Structures are given as C-alpha cells and as structure tokens.
Amino acid sequence: MGDYGMSTGDANYIKNLNRRILVEHIIKEGALSRSELSRKTGLNKATVSAQVSSMIEDGIVTETKTGDMTTPGRKPILVEMDGDSGFSIGIDVDDKEVRVVFIDLRGKPIHTEVIQNGDKDIDKLVSEVKEYLTPLIERFESSHDPIGLTGICLGIHGIINSEDEIEFTPKQQWTHVNLKELLEKEIDAPIYIDNNANLSAYGEQVYFENIPDLFSITLYSGIGLGIINDHTIYRGFRGFAGEIGHMVIEPHGPACQCGNNGCWELYASERVLKEKLSSLGKGNDFEELLSDPAAKEIIDEYIEYLGYGLNNIINIFNPQRIVLNGALINQNPDFIKRIEGTLHSKINSYESIRISKLGEYACALGGAAFVLKNYLDVNTLDYVHYDFFNETKMFA
C-alpha cells in the first residue's frame, strides 16, 4: 500500500505555522503558561510543550516562575520572549542626522543614539555607519546570545523601488543607489531598506495601534505617507506608494526638487513652517509666537494647507486612523482640533486623527521591529500592552 501520511514538507509547514501562532500569542500577552497557550491557540498540550522546548533551545523564549513565594501552592511557570537572547537595529537616515535604535527580542528599546551626518556621499555614509555600529554590535552580541544580531533595517527619506534600490532622494540627490548591497558587504547580517514614512507607520502600529489599517504622515523636513493595510506595509506597484508630499496643491506654485510645481510639502512640511517663522526673527516659544499677529498668520496658513492635503487623503483612502508626526504637532496636541476644523467635506470619513507617540524615533523603531517580524516569521508584532516607554523614558 502507498504511504498516505504527511510529507516532510507538509510537516515542516505545519510545525512552522504552529510556532508562528505561539510566538504571536506570547508577544501579544507578554507571558503565558503552557496550558494557557494551549487553550488560547487551540493547539494540543503535547504540541505546545514540544514547540516551547524547541523555542527555548533556539533562544526565542524563556520560562519564569511567577507569584509570591510566601503563598502556598505550585507556582505557575510562564513562557515569555527571551529579551536577552538577541536584538535588532533600526536606522533612520536623514540628511542632517542618522537616528539609531537597538531593540531586544522582546521589542524593548535598549539603546538609542543620533549620529550627526552632514555628508551626502553614500560611500562615506556606509563607512560612518559601519564604524559606529561595529563596536556596539560586538557589545550587544556579548550580552544578547545565543541569537545576537537578527538584522538591520534602514529608513530612507526618498523612494525605494521594489528591487530594494534607492530610486531617488530629494535631499541627498541619490539616484539608483543600492545601499542594501553596499552595507551587506560591510556587515554580516540581514539588511532591509524601506521608506521612512512606511517604517514610521509600522512603528506606530506595532507599539501603539493594534489595528489592521493605519496611516502615518511624517511632517518634519518633507511630507511622507506610510500606509499599513491589513497589518502589512502597502508599497504600491513598484514601491513608490505614499509620496504624498509631492501631491500638487498649487499648480502655479514654487518649483519643487521632484520636478513639479506647488507640491504639498512646500506648504505644509514643518521645515517650511520653521523657515517662515525664523524669518520673523522670533524665538521657539510657541505660546509667544501665537501672540504675535505675523506669526499667527503664518501658523494659520500652515494649518489651512495641511488641511487641504489631509482632506484629499481622507477622501481617497477612507482611513481608520491617521497619525500625524512632526516636532511642532507632537508638542502641541491642540493642533489636531484646529486641523480637524479645516476638514469640512461632507464625504470625509475617518475614525480619528492623533499625534505620534514615538516622535522622531518612529522610523528607527519601526525598522528595528520590521527586522524582528522577519526574523520571528510572524504576520505582525503587537507590543501595545507593554509599558516600554514609561519604563525607559527614552522617548518622553
């Protein structure tokens, strides 16, 4: 008789699928006993037990006893991610500075730094990043084993095509650069590359928004739109999706570096707002600026233009939630009410608009989380119930 049993490929597929289900539950809940894992996943206890033992061996999870030792009875043993076994790195490559975040296997930020980067030369950038990262990687590999470094993800302020090449960056004027390939020659680890707005959106979803659809708009030096659709970064046909800053809102407006005139980011990015305010010779005290009629006029016009673009985005995409991420907006939450006041269309439909909780580190954190998602082979990560930021005070 023929063997109608399961093939090795099928068995491996099911084994990997079971591991993914267990890891997603452990990440979301923080810590669960083996019996709770069985109950919540529907996997039988023998499967859970075998998988947990295998994951302990691989350094992915660890078991801890919990409960007050003075109380009688057997203490439950909880399974949780092994934060000390490995780490990932997210890097936000802007034109003036490079932000770096290390997170452990639990998703907790364990190191952040800003490297001043005035150089536009891609080879110098690669050597600077390598020189900076090498001693840090060695340090964290000695304290986070057996897995060590799971990978590095870079966020670029420009267009990344579907072949992982930098198609164009308006600020550095990089065209057709394979930064991924350049770094892979220097650092022995998986390297990922993505647009900074995409990674910012992913960071917000992973750490603060356990919803499948989320829009994040970064407003710092340009304007970028990151779209999470069904827990996945939406990149479009060739990776160009989200270049919303180059939506034309004034056809006869000033020339933009992209080749068009009157792009949205020439009116509604915070860089432009800061330039206009600094031309008045005023300080950075926002309350003081609002009491100055000339400054108030500039801010009112900025909010009006920001509203124009948002109105278009909402009407086209009908997003559930929009996160606005900019230094000025993050410090002045009242801006949201004023921006919502500009959205007059009867067909506007969205659930809520909020300011970013990750701020300037959203991209680097999203990048580091993206590496872990790939390493752990899960559909997404959910750190919403963890108190990383109050605990670390790193991004307050």
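The rule finds one salt bridge across the interface of domain 2 and domain 3. A salt bridge here is a side-chain nitrogen of Lys or Arg within 4 Å of a carboxyl oxygen of Asp or Glu. The side chains of Arg 235 and Asp 194 meet in a salt bridge, at 2.4 Å from N to O.

The model is predicted: local features need pLDDT of at least 70, side-chain atom pairs count only at pLDDT 80 or more, and totals for chains, interfaces and linings use all residues. Residues are numbered from 1 along each chain as its sequence is written, and side-chain values use heavy atoms, with hydrogens and water left out.

Now the layout. The protein is divided into domain 1 (11-81), domain 2 (86-203 + 361-376) and domain 3 (209-357). These bounds come from an automatic or database domain assignment. The centres of domain 2 and domain 3, taken over C-alpha atoms, are 25 Å apart. Domain 2 brings 24 residues to the contact and domain 3 brings 20; contact means heavy atoms within 4.5 Å.

About 1600 Å² is buried between domain 2 and domain 3, and carbon and sulfur atoms give 53% of it. Buried area is the accessible area (1.4 Å probe) that two parts lose on being put together, summed over both. Ile 159, Asn 198 and Ala 201 supply 30% of the area that domain 2 buries against domain 3, more than any other three residues.

Two local details sit in loops. The peptide bond from Asp 145 to Pro 146 is cis, with omega near 20°. Pro 146 is in the loop between α4 (122-143) and β7 (148-156). Helices (H or I, at least four residues) and strands (E, at least two) are DSSP runs, numbered from the N terminus. Asp 230 has phi near 55°, a positive value in a residue other than glycine. Asp 230 lies in the loop between β13 (224-229) and β14 (232-233).

The structure holds 15 aromatic pairs. Rings of Phe, Tyr and Trp (its six-membered ring) pair if their centres lie within 6.5 Å; planes under 30 degrees apart count as stacked, over 60 as edge-to-face and the rest as tilted. Phe 208 and Phe 389 are stacked, at 5.6 Å centre to centre with 25° between the planes. Phe 208 lies in helix α6 and Phe 389 in helix α14 (residues 388-392), so the pair ties together parts that are 181 residues apart in sequence.
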